[in-house]
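This report goes through one protein chain part by part. Please keep the sequence and the structure at hand while reading.

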Amino acid sequence: MRLRTFESFWLLKNGLLYTYPSIQKDISTEIVVVGGGITGALTSHALVEKGYKVTLIDKRDIGQGSSSATTSMLQYEIDVPLSELSTMIGAYAAAQCYKAGIEAINKLGQLVKENKIDCGFEKKESLYIAHNEEAAQSLYEEFEIRNKCQLGVKWLKPEEILKIYGLKSFGGILSQTAASVDAYKLAHELIHYNVNRGMTVFDQTELKDFDFSAEKTIITSSEGHKISCKKVIFCSGFESTKMIKEDIAKLFYTYACVSEKEIKIPKKLKNTLVWDTNEPYLYMRTTDDGRLLVGGEDSSVNFPFFQQQIKESKTSKLIQTLEEIMPDIKFIEDFSWGGTFGSTKDGLPYIGKSPEFEHALFVLSFGG
Ligand SMILES: Cc1cc2nc3c(=O)[nH]c(=O)nc-3n(C[C@H](O)[C@H](O)[C@H](O)COP(=O)(O)OP(=O)(O)OC[C@H]3O[C@@H](n4cnc5c(N)ncnc54)[C@H](O)[C@@H]3O)c2cc1C
């Protein structure tokens, strides 16, 4: 009998790194950042860097939202292929989005290095493999477009992928820019770093209401305390879909599991993120403590009462699929978990103003 389930690996590995007081009186500040996940951590860091007086609030403890569940594959490539994105927003804009992804990974690496943040950040390559012949044809066309845009890609044939990575496939795109990180730890360490530079943090503090009509914006916590400020920036993750009327993202459930340590895999795989073209897709990467992490099995169905059983069946399916494409693997599950994931129609994040809330800004990293 399992008495508990669903804690993510990162939460168990790191524990509760830093806690902060909840708000107990009315205060005023320049900017309020709502949400202490990886998005709130990075956004508040950028604001502190620019010299703003920032207060960050979270209704949970820091990092306890999606950022403790993410497998943190840091990829410049979004779930919508460049070819498809080009037809939606134009070839130039689509290429710029993909290039921005490369720049973001490099900047994050720099930030971690300069500030000596211990969060398992590792620069890697990324391999996008085709799961059948038909998918290989479209993937090759995608490769040609990316290659034309100079995104640092190479086409690998099935036999090369098998020899180097031990993976059965129909060919794939190898990209030179990717990374992995412990996003939960990064969020905590970055917020802590900025608290030492003057940022104020209240955890267990929920934004319940806001009034943009006054000269200053007033936000009210669920306990009735008021924060007056010039600007509110919502970094409140997938739950934000409840406050925005516009249908900005489709939410579903996704699953992940990690192996025991010291799993035997080809050397090159340790340095490579892998995902495939199948639906639902399978992805994998190693962790900085020598485990293999696999994820995917996305599903729009989630019955809260059967979460444990669903998670177990999804984990078995993930391992079975892994064994099909990697027959030599011996994957012994150590931890598994699931969580909400969201996608916008173009796979891009939702950043900027919403017509409904003129005086607020949103930084919502749907799609990862
Ligand atoms: C299993 C799994 C695997 C994933 N893998 C990847 C991956 O490999 N790569 C990738 O890029 N992405 C991945 N994701 C997605 C990734 O987890 C999210 O995109 C990311 O963590 C979002 O971070 P965030 O800071 O925006 O949201 P969160 O971490 O959820 O932070 C938002 C915070 O806002 C707080 N909040 C919300 N409303 C309020 C309010 N009213 N008042 C106060 N606080 C509030 C919440 O408590 C929360 O802490 C994965 C997700 C899952 C579940």
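Serine 72 counts as buried because 24 C-beta neighbours lie inside 10 Å. A residue is called buried if 20 or more other C-beta atoms lie within 10 Å of its own, exposed if 12 or fewer, and partly exposed in between, with C-beta atoms placed from the backbone. Serine 72 is in the loop between S3 and strand S4 (73–75). Its phi is positive, about 50°, although serine 72 is not a glycine. Helices (H or I, at least four residues) and strands (E, at least two) are DSSP runs, numbered from the N terminus.

The model is predicted: local features need pLDDT of at least 70, side-chain atom pairs count only at pLDDT 80 or more, and totals for chains, interfaces and linings use all residues. Residues are numbered from 1 along each chain as its sequence is written.

Glutamate 297 also has a positive phi, near 55°, and is a residue other than glycine. Glutamate 297 lies in strand S16 (residues 292–299). With 23 C-beta neighbours inside 10 Å, glutamate 297 counts as buried.

## A cis peptide bond

Glutamate 279 and proline 280 are joined by a cis peptide bond, with omega about -5°. Proline 280 is found in the loop between strand S14 (272–276) and strand S15 (282–286).

## Two domains

The protein chain is divided into domain 1 (9–69 + 184–246 + 347–364) and domain 2 (73–181 + 250–343); the bounds come from an automatic or database domain assignment. The C-alpha centres of the two domains lie 29 Å apart. Their contact takes 13 residues from domain 1 and 19 residues from domain 2. Two residues are in contact if their C-beta atoms, placed from the backbone, lie within 7 Å.

On the side of domain 1 that touches domain 2, helix H1 (9–14) and helix H7 (183–195) each supply at least two residues. H7 gives the most to this side, with 5 residues.

## The nonpolar core

In soluble globular proteins, nonpolar side chains tend to be buried together. The largest nonpolar core here has 97 residues, and those with the most contacts inside it are Val32, Val34, Ala187, Val294 and Leu322. Such a core is a set of buried Ala, Val, Leu, Ile, Met, Phe, Trp, Tyr and Cys residues joined through C-beta atoms within 7 Å. H7 provides the largest share of this core, 6 residues. At least three residues of this core come from each of domain 1 and domain 2.

Not counting residues up to four places away in sequence, valine 34 touches Ile57, Leu207, Val232, Ile233, Phe234, Cys235 and Ser236.

## Two open sheets

Strands of a sheet pair through backbone hydrogen bonds, either parallel or antiparallel. Here two strands are said to pair if DSSP finds at least two bridges between them. S18 and strand S19 (residues 357–364) run antiparallel and are joined by 4 bridges. In this pair, glycine 352 stands opposite phenylalanine 362 in S19.

Another open sheet has 4 strands in the order S1-S11-S10-S9, and its pairing is mixed. Strand S1 (27–28) and strand S9 (207–211) are its edge strands. S9 pairs with strand S10 (residues 217–221) over 4 bridges in the antiparallel sense. Aspartate 209 stands opposite threonine 220 in S10.
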